[in-house]
Amino acid sequence: MSTITLAKALNDGLRASMEGDAKVVVMGEDVGKLGGVFRVTDGLQKDFGEDRVIDTPLSESGIVGTAVGLAMRDYRPVCEIQFDGFVYPAYDQIVSQVAKLHFRSGGRLPMPIVIRIPFGGGIGAVEHHSESPEAQFAHTAGLKVVACSNAADAYWMIQQAIACDDPVVFLEPKRRYWEKANLDREAAPAPLLSSKVVRDGTDVTVLAYGPMVKTCLESAIAAAEGGTSIEVIDLRTLSPLDLEPVYASVRRTGRVVVVHEAVVNLGIGAEVAARITEQCFYALEAPVLRVGGFDTPYPPSRIEEEYLPDLDRVLDAVDRSLAY
Amino acid sequence: MPEEPEFVQLLTPEGERVEHPSFAFDGDDEMIASMYRDLVLTRRIDTEATALQRQGELGIWASLLGQEAAQIGSARALRPQDFAFPTYREHGVAWCKGIDPVALLSLFRGVDQGSWNPLETNFGLYTIVIGAQTLHATGYAMGVQRDGAVGTGDDDRDTAVVAYFGDGATSQGDVNEAFIWASVFNAPVVFFCQNNQWAISEPIDRQTRIPLYQRASGFGFPGLRVDGNDVLACHAVTKAATQRAREGSGPTLIEAFTYRMGAHTTSDDPTRYRLSGDLERWKLKDPLARVHAYLTRHAGLAEDFFADIEAESDVLAHRIREGCVAMADPHVLGIFDKVYAEQTEELAAQQAGYAAYLDTFETQTGAHA
């Protein structure tokens with residue numbers, strides 16, 4: 001057992017995958033000498049060489065498009081997109097090529113590509129550095145989309161994503177990179193495509209992923225002081241969704257709040273709400289409520305804390321749910 | 001139109017061999033005769049596919065008419081281990097890579113999205129998003145480098161990658177990014193651009209103000225223009241460029257100057273945007289006629305050689321037709337199978353749900369019967 005930051009856990013996970021499989025290559029802007037702008041790839045180029053940790057041209061479509069060719073040559077590329085808002089130049093390659101090639105080729109061309117994207121806000125960044133594009137990828141058949149929320153999960157999930165024979169969009173909560181957690185490297189990890197109850201409760205089920213998991217856990221602690229018991233589930237996988245643990249929870253609590261930074265409209269929460277309604281209709285005591293971004297671009301950073309869902313907004317939704 | 005720059009030409013439209021200071025065709029007349037066979041059969045594949053579309057057997061077809069020499073010449077220069085990444089019009093390259101012409105049709109018939117195995121044939125799937133495959137080619141070439149399959153001097157190991165694309169694709173970001181990546185990583189890739197003068201209705205001057213091959217110099221690697229209707233010249237320049245790639249000397253841009261003699265696809269009507277006189281002028285430069293003239297006048301091939309190829313092409317056309325109409329529609333439940341290498345429970349449940357839904361119809365039909 002050791003205490004480790006989320007960024008270092010990812011670094012250790014990448015290292016473990018690279019040690020275990022010589023076909024794993026890391027590629028992206030500034031991932032080599034600099035070790036990535038968040039230092040997630042720190043030291044990897046020094047240890048694995050420039051052929052396996054590739055400082056690429058500033059060309060996101062190029063990063064993903066060449067990863068396709070490398071995958072056809074039996075490599076397992078791990079692409080770093082430096083910030084969420086920079087993924088769009090690669091969107092065509094991700095959606096039209098990476099996601100579809102296994103299907104188009106009748107299964108002859110697996111695409112074991114991981115696309116790492118630091119996502120979400122809360123670090124006081126300039127525009128295009130704080131976005132939450134996950135729904136756009138979850139809406140694309142052929143991709144798997146996961147989000148880690150803590151260091152221990154990050155360590156295992158990055159290795160599982162790399163081992164997966166399908167393309168995985170791997171979302172990293174950038175504002176949690178420096179937060180520490182205990183990591184037991186001997187413990188058996190949960191499967192990659194599984195959600196996880198991270199706090200037991202009896203009154204309301206709160207669903208979150210990535211950076212919002214911590215916010216929701218803090219909300220649950222605060223609510224407990226007021227006598228409300230919140231169960232928090234970390235969704236972890238956004239495509240496919242793993243909602244059986246959610247249904248089980250909702251059948252006990254009857255109330256659900258879904259929380260994400262991404263805009264509410266047509267977001268992950270909308271899909272989750274629809275499925276819960278289909279599966280748990282008679283158990284629901286209140287409509288599924290959503291807390292998330294407004295239909296605006298991400299705001300300037302001086303007001304981002306007001307824009308982002310926080311403890312109060314989560315608890316406001318919990319109260320509204322309980323009031324039904 | 002400004003005067004066009006010189007290109008590499010080794011066989012004139014009249015069928016006369018000419019010398020070039022830098023490039024020579026290194027085959028004999030027997031090889032020219034075999035390439036002529038490829039040209040004729042490829043054109044016949046194309047003609048038959050167009051006819052199949054007109055008769056409703058294909059949804060659409062993208063004709064390569066006029067571009068046979070560019071494709072046969074370049075593809076015949078490849079070694080078995082060399083990998084070619086096509087657009088959706090590389091029927092001649094496919095032929096040289098050993099793809100059954102019937103397999104080309106399934107995409108256009110709408111029964112699948114690519115029926116050959118790229119990893120076994122070293123021929124990528126047809127790529128419809130313009131220019132996307134140039135990045136795949138570059139990445140594959142980077143894999144070749146990492147596998148130590150470049151610059152070893154072993155002819156059976158060293159590998160070149162060829163990215164095929166058209167003049168319209170040169171305006172795409174992906175193509176320009178591929179040029180940059182190939183250049184800075186010195187990747188063993190040849191960019192083979194068939195400039196057929198038209199991107200559907202848009203002429204080449206809507207894509208560029210300078211000859212396309214000259215763009216290579218800005219990216220830091222050599223570019224050249226070749227007579228795209230001259231199979232000998234296309235072979236010679238591609239052989240040199242792929243050899244250069246295999247040796248570890250990096251990428252080359254080849255601009256094969258040719259003409260799309262047909263429509264963009266069977267859905268297109270070129271009479272709306274170009275003059276018939278242009279087509280007539282290009283017909284004088286036909287890629288097959290000049291080889292026919294050479295083989296007749298200078299290689300001493302008699303009429304029975306050509307008659308044999310015609311007979312072979314009739315047999316091929318018949319086989320393509322039979323194969324096409326025999327293609328069964330896929331079963332709809334199959335669409336769930338290959339979305340992922342590791343199918344998700346979610347998708348398996350969707351598949352089962354749809355299967356159960358379909359079963360209700362069969363039950364009802366049975367009840368009514």
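**Domain and chain interfaces in a predicted two-chain model**

The area buried between domain 1 of chain A and domain 2 of chain A amounts to about 1900 Å², and carbon and sulfur atoms give 50% of this area. The structure described here is a predicted model. Within chain A, domain 1 covers residues 2-183 and domain 2 covers residues 196-323. The C-alpha centres of domain 1 of chain A and domain 2 of chain A are separated by 26 Å. Their contact draws on 27 residues of domain 1 of chain A and 24 residues of domain 2 of chain A.

Charged and polar pairs were then examined at this domain interface. Four salt bridges are found across the interface of domain 1 of chain A and domain 2 of chain A. A salt bridge also joins the side chains of Asp153(A) and Lys196(A), with an N to O distance of 2.8 Å. Between domain 1 of chain A and domain 2 of chain A, 16 residue pairs are in polar contact, both residues of each pair being at pLDDT 80 or more. On the side of domain 1 of chain A that touches domain 2 of chain A, two or more residues each come from α6 (134-138), β6 (144-147), α7 (151-163) and β7 (168-173) of chain A. Strand β6(A) gives the most to this side, with four residues. Sorted by class, the side of domain 1 of chain A that touches domain 2 of chain A holds 13 nonpolar, eight polar and six charged residues.

The contact involves 40 residues from chain B and 46 residues from chain A. Four salt bridges are counted between chain B and chain A. In a salt bridge between Asp147(B) and Lys23(A), the closest N and O atoms are 3.3 Å apart. Polar contacts between chain B and chain A number 24 residue pairs, with both residues at pLDDT 80 or more.

On the side of chain B that touches chain A, at least two residues each are supplied by β1 (83-85), α5 (118-121), α6 (132-146) and α7 (173-184) of chain B. Helix α6(B) gives the most to this side, contributing ten residues. The composition of the side of chain B that touches chain A is 22 nonpolar, eleven polar and seven charged residues. The domain assignment of chain B itself comprises domain 1 (29-325) and domain 2 (332-368). A distance of 40 Å separates the C-alpha centres of domain 1 of chain B and domain 2 of chain B.

Ala71(A) belongs to helix α3 of chain A, which spans residues 60-72. Ala71(A) is classed as buried because its relative accessibility is 8%, under the 20% limit for that class. When residues up to four places away in sequence are left out, Ala71(A) touches Pro77(A), Pro110(A), Met111(A), Pro112(A) and Ile113(A). For one of these, Pro112(A), the separation from Ala71(A) is 41 residues in sequence and 6.6 Å in space, C-alpha to C-alpha.

Key:
Residues are numbered from 1 along each chain as its sequence is written. Chains are lettered from A and ligands numbered from 1 in the order in which they are written. This is a predicted model: local features need pLDDT of at least 70, side-chain atom pairs count only at pLDDT 80 or more; totals for chains, interfaces and linings use all residues. Side-chain values use heavy atoms; hydrogens and water are left out. Domain bounds come from an automatic or database domain assignment. Contact means heavy atoms within 4.5 Å. A polar contact is a pair of N or O atoms within 3.5 Å; within protein, one must be able to donate a hydrogen and the other to accept it, and residues adjacent in sequence count only if both atoms are side-chain atoms. Ala, Val, Leu, Ile, Met, Phe, Trp, Tyr, Cys and Pro count as nonpolar, Asp, Glu, Lys and Arg as charged, and the others, Gly among them, as polar. Buried area is the accessible area (1.4 Å probe) that two parts lose on being put together, summed over both. Buried means under 20% relative accessible area, exposed over 50%, partly exposed in between (1.4 Å probe, protein chains only).
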